[in-house]
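Hi everyone, thanks for making time for this. Let me put the model up on the screen, and then we can walk through it together.

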Amino acid sequence: LQLQVEDDGRGVTAEEIGSSTSLGIIGMRERAGAFGGRVVIRGRPGGGTVVTLEMPLPVARGEAAR
């Protein structure tokens, strides 16, 4: 599963993404990681931010993977 959210705000910086005080970002990454997923954040200065969540989907028994 891939979910992408994009805005047209000021754009998050690399320093903000990697900061130990960015608790919201850290929390999103921890929650996604707990389920085998990941969060990728890209900022475009003056052009907004894109947050992408990628999560593996379990395959139900008897169902072929697509």
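Let me begin with one convention: a residue is buried under 20% relative accessible area, exposed over 50%, and partly exposed in between, using a 1.4 Å probe and protein chains only. What we have here is a predicted model, where local features need pLDDT of at least 70, side-chain atom pairs count only at pLDDT 80 or more, and totals for chains, interfaces and linings use all residues. Residues are numbered from 1 along each chain as its sequence is written, and side-chain values use heavy atoms, with hydrogens and water left out.

With that convention, Glu 16 comes out as partly exposed, at 26% relative accessibility. Its side chain meets that of Arg 10 in a salt bridge, at 2.7 Å from N to O; by salt bridge I mean a side-chain nitrogen of Lys or Arg within 4 Å of a carboxyl oxygen of Asp or Glu. Arg 10 has 54% relative accessibility, so it counts as exposed.

How many salt bridges does a search of the whole structure find? The search gives three. In another of them, Arg 44 pairs with Glu 6, with the closest N and O atoms 3.0 Å apart. That pair links distant parts of the chain, since Arg 44 sits in strand β2 and Glu 6 in strand β1 (residues 2-6), 38 residues apart. A word on those labels: helices (H or I, at least four residues) and strands (E, at least two) are DSSP runs, numbered from the N terminus. Arg 44 is partly exposed, with a relative accessible area of 34%.

Then there is Glu 54 with Arg 38, where the closest N and O atoms are 2.6 Å apart.

Now let's go inside. Which residues make up the largest nonpolar core? There are seven: Val 12, Ile 17, Ile 25, Ala 32, Val 39, Ile 41 and Met 55. A nonpolar core here is a set of buried Ala, Val, Leu, Ile, Met, Phe, Trp, Tyr and Cys residues joined through side-chain atoms within 4.5 Å. The elements that give two or more residues to this core are α2 (23-34) and β2 (38-44).

So let's look at α2. Its buried residues are Ile 25, Gly 27 and Ala 32. Ile 25, for one, touches Glu 16, Ile 17 and Ile 41, leaving out residues up to four places away in sequence; contact means heavy atoms within 4.5 Å. The face turned away from the buried side carries the exposed residues Leu 23, Glu 30 and Ala 34. After α2 comes Gly 36, with a positive phi near 85°.

My last stop is Thr 49, in strand β3 (residues 48-54). Is Thr 49 buried or exposed? It is buried, with a relative accessible area of 14%. A polar atom of the Thr 49 side chain lies 3.0 Å from the backbone nitrogen of Val 12. Beyond four places in sequence, the residues that Thr 49 touches include Val 5, Gly 11, Ile 41 and Gly 43.

Note on methods
Polar contact = N/O pair within 3.5 Å; in protein donor to acceptor, adjacent residues only side chain to side chain.
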